[in-house]
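User: I would like to learn how to read the features of a model such as this one, step by step. Could you show me the structure and then take me through it?

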Amino acid sequence: MSGQLAAIVLAAGKGTRMRSTLPKVLHPLAGSTILERVLAALGELALAECFIVVGQGADLVRGRIARPGVQFVEQTEQRGTGHAVQQVIPHLEGFEGEVLVLNGDAPLLRPSTVAYLVEKHRSFGADATILAARLAAPGGYGRVFLGAEGRVRQVIEDRDCTAEQRRNDLINGGVYCFRWPALTTVLPALSAENDQGELYLPDALPMLTHVRAVAVEDPQEIFGINDRVQLAQASRILNERTLVRLMLSGVTIVDPLRVTIDETVEIEPDVVIEPETHLRGATRIAGGCRIGPGTLLEDTVVGTGTEILYSVLHRSRVGAHSTVGPYSHLRPGADVGSHCRVGNYVEIKNATIGDHTNAAHLSYVGDARVGEQVNFGAGTIVVNYDGKHKHHTEIGDGVRTGANSCLVAPLKLGDGVTVAAGSTVTEDVPSGLVIARSRQVVKPDWKAPYERTEDG
Ligand code: UD1
Ligand code: CA
C-alpha cells in the first residue's frame, strides 16, 4: 500500500478556550463550520482513508459532518494530540503510505498548500514534514527548532518554552505529513512530561530520523482557532479573501469593511455592493445590479440590472430590472418577475409575481400567483390564513387593487379586475369591478348628544 495517502483530522479537543457548549470545531465560520473548512483543504487529494478523531461532543460532530469516505474514531479521554493519533493505529494496521495529520481547528488552510506539503514530503523522502510559518506574533504556538541542513530538531509548546526559546518566531502550523510506518514505531513512546500532562504529537518528531519543515507562503493559512477572538479574526480573513477575489473579477464593493459575502456566492461583473450588505449561501447576482446599502440576501437569485435597497430576502428570486425596497421582506418562495417594483414595507412569501407588476407600499402577498402588469394599491393584503389553514390566491393579468383591500383566500380574480379601495373580497371575481365595502352614509344635520337642544 506504499504511495497511498490517508488523512487524520484531530477534532476531539475540549475547546476550553471557546467557553461554549458547542464543540469548537462545529462553530459556524463564513457559511460553513471550522471542521468542514479543514476537510475542504483535503479536497484536492486522492485519499485512501480519511479519519476524524472525535471526543468532546462526538455525536454532534458525527451528525453534522457525516459524509461518504469519512470515518470517525473516538478518543474517549482527551489526553493530547499524540494520544489522539494513537487512537487511529488499529484502523490503519499494515498501511505503508503517508498520513496527513491536521488540527481540526485551522480552517484557513488552502487545498493547494496541503497538496504542496505532500509533494515536498515525498521529494525529501522524509519520515515527517511539517508546515511551519514565521509569525510576527508567534505567541501560543509550538516553536520549531531547526538543526543542520534545515532539519527539524524539535517542537516546543509555547507554555513549555523558556523565555529565550519563546523568542523563536518559527511556529508549528499543526499540519503534518508522516511516513506512517515510521510514526507508528515511535508513537507509543510519547510521554506526558510537559506543562499540560498530555501526549503531544510534535514530541514524536525528535524520535524520527529525518524531519523537515515547509514554510507557508501566506502565514494566515495556519491560523488556529482557540477562542472567539480568533474565530472573529478567521471570519474576517475569509471574508477578505472572497471580497478581494470578487473585486478583481469586476464587482465594486464600496466599503469592504462593512460587507460580508460567503465564498459560495456568485456575482457577475459590474455589480455594485453598497455598505452593510451581507450575501449568503447560494445567492447569485447578475451583472449591473446595485445591492444595498443595508441588505441581506440568503440563497437568493437576482436578475440583471435590479436594485435592492435596505431589504431582507431569503430563498427568493427577483428577475431583471426590478427594484426592491426600501424595507421589503421577501421570504422563501417569493418569485418576483422582471421590471417589477416591490416597495416600502412589502412582504412577499411563497408567491409568483409576473413581470411589470407593482406592490409599492405596505402590502402582504402570500401563497399566491399574481399575473403581469398588476398594481397593488397601498395596503393591499392577501389574507391567506384562516387561523388554521393557508389558502391560495390567483390574481390575473392587469388586476388593480385599491388601497386597503383585503383579498381573502381561497380567491380568484380574473384578468383586468379592479378592486375598489377598502374592499374585503371573499368571493371570486371573473371580470370587471368589485366593490365590497359598505356604502357611505352622510348625515349633514347630525349633532353629538351633548350638543342637542330640547327640540332636537
Ligand atoms: C497545537 C500544537 C502546536 C501548534 C498548534 C497550531 C500540539 C501539542 N501542539 O497546539 O505545536 O503550534 O497546534 O495550531 O499538538 N485534539 C484532539 N485530542 C486531544 C487534544 C487535541 O483531538 O486530546 C485536537 C483539538 O480538537 C484541535 C487540535 O487537536 O483541533 C489541536 O489541539 P489544541 O489543543 O488546539 O492544540 P494547540 O494548543 O493549539
Ligand atoms: Ca489550536
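**Reading the model**

Analyst: The protein has seven helices and 39 strands, where helices (H or I, at least four residues) and strands (E, at least two) are DSSP runs numbered from the N terminus. This is a predicted model, in which local features need pLDDT of at least 70 and side-chain atom pairs count only at pLDDT 80 or more, while totals for chains, interfaces and linings use all residues. Residues are numbered from 1 along each chain as its sequence is written, chains are lettered from A and ligands numbered from 1 in the order in which they are written, and side-chain values use heavy atoms, with hydrogens and water left out.

User: What radius of gyration does the protein have, and what would a compact globule of 456 residues have?

Analyst: The radius of gyration is taken over C-alpha atoms, and the globule rule is 2.2 Å times the number of residues to the power 0.38. For a compact globule of 456 residues the value would be near 23 Å, but the protein has 31 Å. The C-alpha trace spans about 115 × 50 × 40 Å along its principal axes. Of the 456 residues, 49% are buried, a term that means under 20% relative accessible area, with exposed over 50% and partly exposed in between (1.4 Å probe, protein chains only).

User: Which residues coordinate the calcium ion (ligand 2)?

Analyst: Donors are N, O and S atoms within 2.8 Å of the metal (3.2 Å for Na, K and Ca), and water is not among the atoms, so sites may look incomplete. Here Asp 105 (OD) and Asn 226 (OD1) coordinate the calcium ion at 2.3 to 2.5 Å. Because Asp 105 lies in the loop between β6 (98-103) and α4 (111-124), and Asn 226 in the loop between β11 (211-215) and α7 (228-248), the pair ties together parts that are 121 residues apart in sequence. Asp 105 is buried, with a relative accessible area of 12%, and Asn 226 is buried at 18%.

User: How many aromatic pairs are there?

Analyst: Rings of Phe, Tyr and Trp (its six-membered ring) pair if their centres lie within 6.5 Å; planes under 30 degrees apart count as stacked, over 60 as edge-to-face and the rest as tilted. By this rule there are three aromatic pairs. One of them is the stacked pair of Tyr 176 and Phe 178, with 5.7 Å centre to centre and 15° between the planes, and both residues are buried. Tyr 310 and Tyr 327 are also stacked, at 5.8 Å centre to centre and 25° between the planes. Ring pairs link Tyr 310, Tyr 327 and Tyr 345 into a cluster. Tyr 310 is partly exposed, with a relative accessible area of 38%, and Tyr 327 is partly exposed at 42%.

User: What should I look for in the backbone angles?

Analyst: Most residues other than glycine have a negative phi, and most peptide bonds are trans. Tyr 310, in the loop between β21 and β22, has a positive phi of about 40° although it is not a glycine. His 321, which lies in the loop between β23 (317-318) and β24, has a positive phi near 55°. As for the peptide bonds, a cis bond joins Gly 325 and Pro 326, with omega about 0°, and Pro 326 is found in the loop between β24 and β25. The bond from Ala 409 to Pro 410 is cis, with omega near 0°.
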